[in-house]
Amino acid sequence: SASVTATKPVQQMERAELEQLGLSTLADAVKLFVGTEVHDYGGIGGMKTVNVRSLGAHHTAVSYDGLTLSNTQAGQIDIGRYQLDGIGAVSMAVGAGDDLFQPARHYASGGILSIRSERPQFLYGRDSQWRVRLRGGSYGLVAPSLRYAQRVGSRTVFTADGMYMRADGCYPFILRNAGARSREKRINSDVHSWQAEANISHTFRSGSQLAVKGSYYDSERGLPGAVILYNPFSDDRLHEREGFAQAVYDQTFSPQWALRSGLKYTHTRSHFEGSNAVYSGGIQVDHSRQDEAYGTAAICWTPMPLLALALAQDVSVNLLHSNIYINTHLDVPNPVRTTSLTSLTARFRSGRVQADAGLVGTYAVEHVQAGNEPPVRRHLSPTVAVSYRLLPDRSLFLRAMLKHTFRMTSFNDTYYRRMGNPNLRPERAHEYNLGLTWHGRPASWMRYLSVTAD
């Protein structure tokens, strides 16, 4: 299997396995991956982030159908908003995975969670497919979902997904003060969200493929806050909206040459409003808007069966507009960051040895409307990974990896109200991995057994 022969630790779950386990959310599935942590910031509908081997969510990229999800303001992705209804497979890789053909953003991350949409199966000669599901649970949870798939001609498939979720979130708790105890319930914990997505995939006569995706997410929720002096009151509300459109094109020119390119645009809005004595004037209203334009192109060259080379170039432009000032003079920075990532990767296979070596170059420049601008950032990040088959007639492998990653600061790190620091330096992380893997059939009554230890 790929998890055994890979030079880096890779874990994957297909849709059949996800359904057998009875999972309903992406966060529930990710919790089952070894060496992976999911941080939950608020129960039903609350933010959930993923990190690999305690490097932090900022070092873990989340890829959706080949292109990474992005949030430059916070620097981390909320996987709690994704249900498993339209997902076909989920994989987690330490490093950048074992696929040579990836965007430079994947190689620049310490770990990557990859999500692949479900491919519809048209049975009994039908050209369309419907699926309706309804989930329910405690604390007023109701979550219906709808999926529709249509085959358009012999080479085009269209799918559409819709999901709605609401919950009261009135969790019970015990309030203790010295010898006094009282049973209470959280208030202002409700959440209402809906999500819509459409996909079109087309295969050209030449064999090249084009996949287009559009997605929109909208949520409105209460933030309960702390209980202070028996007062549980809170009317803080958060409204988030995010939409993106992306297109991925794959073409194989010959057995030696292949091309993969992608374009993506993401627009995100956030609005917070609350009243509390701790806020200046008793009322706080924060709103922000993020925009990202992202493009990637990768070319793979296989000059001989023993050697393969891949070159990927990514360019992104990120903008943040908000009313969150950086000091008491109401200076709003409204930063614009342009980032270039270039990765060059080589793979060598000979007999019982597979070796991968890569280099990622980062160049980032930033401009602000007010305040001090961070310096231009340049950095080279190398990676080396090796897998060796210990016995010629057994699937027993020894693997090792050394990887260096470079993380730019998020906009919140740099510009958040009175706490941001434009002189904050990027993070440099080092990853080391040594593992032993094996798969086989040790007994006649056993169908398959796989063991990996890293």
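Figure 1. W130 is exposed, at a relative accessible area of 58%, whereas Y148 is partly exposed, at 22%; buried denotes under 20% relative accessible area, exposed over 50%, and partly exposed the range in between (1.4 Å probe, protein chains only). The model is a predicted one, in which local features need pLDDT of at least 70 and side-chain atom pairs count only at pLDDT 80 or more, while totals for chains, interfaces and linings use all residues. Residues are numbered from 1 along each chain as its sequence is written, and side-chain values use heavy atoms, with hydrogens and water left out. The structure holds eight aromatic pairs, a pair being two rings of Phe, Tyr or Trp (its six-membered ring) with centres within 6.5 Å, stacked if the planes are under 30 degrees apart, edge-to-face if over 60 and tilted otherwise. The ring centres of W130 and Y148 are 4.5 Å apart and their planes stand at 45 degrees, so this pair is tilted. The pair joins distant parts of the chain, W130 in strand β8 (residues 128-137) and Y148 in strand β9 (residues 141-152); helices (H or I, at least four residues) and strands (E, at least two) are DSSP runs numbered from the N terminus. The C-alpha atoms of the two residues, 18 residues apart along the chain, are separated by 4.7 Å.

Figure 2. Neighbours within four places in sequence aside, Y148 is in contact with S128, Q129, W130, F158, T159 and A160, where contact means heavy atoms within 4.5 Å.

**Figure 3. The tilted pair of W194 and Y216.** The ring centres lie 5.2 Å apart, with the planes at 45 degrees. W194 belongs to strand β13 (residues 191-203) and Y216 to strand β14 (residues 209-223), 22 residues apart. W194 is partly exposed, with a relative accessible area of 39%; Y216 is likewise partly exposed, at 30%.

**Figure 4. An aromatic cluster and lysines over ring faces.** Y64, Y82 and F244 are linked into a cluster by ring pairs. K213 lies over the face of Y64, 4.2 Å from the ring centre, and K264 over the face of F244, at 4.3 Å. A charge sits over a ring if NZ of Lys or CZ of Arg is within 6 Å of the ring centre and within 35 degrees of the ring normal.

**Figure 5. The largest nonpolar core.** This core has 26 residues, and those with the most contacts inside it are L26, V30, V62, I79 and L113; a nonpolar core is a set of buried Ala, Val, Leu, Ile, Met, Phe, Trp, Tyr and Cys residues joined through side-chain atoms within 4.5 Å. At least two residues of the core come from each of α3 (26-30), β3 (48-52), β4 (60-64), β6 (87-94) and β7 (111-117). Residues up to four places away in sequence not counted, V62 touches V50, L67, T68, L69, I77, I79, L113 and I115. A second, separate core of 13 residues includes L100, F101, A310 and A312.

**Figure 6. The largest cavity.** The structure holds nine cavities of 30 Å³ or more, and the largest has a volume of about 640 Å³. On a 1 Å grid over the protein atoms alone, a cavity is a set of points where a 1.4 Å probe fits but cannot get out, and lining residues have an atom within 4 Å of a point. Of the 30 residues lining the largest cavity, H58, R105, S109, R407 and M408 are the closest to its centre.

Conventions: 1 Å grid on protein atoms, 1.4 Å probe; cavity = no way out; pocket = protein on both sides within 12 Å on 5 of 7 lines; lining within 4 Å. Points joined across faces, edges and corners; volume = space filled by probe spheres on them.
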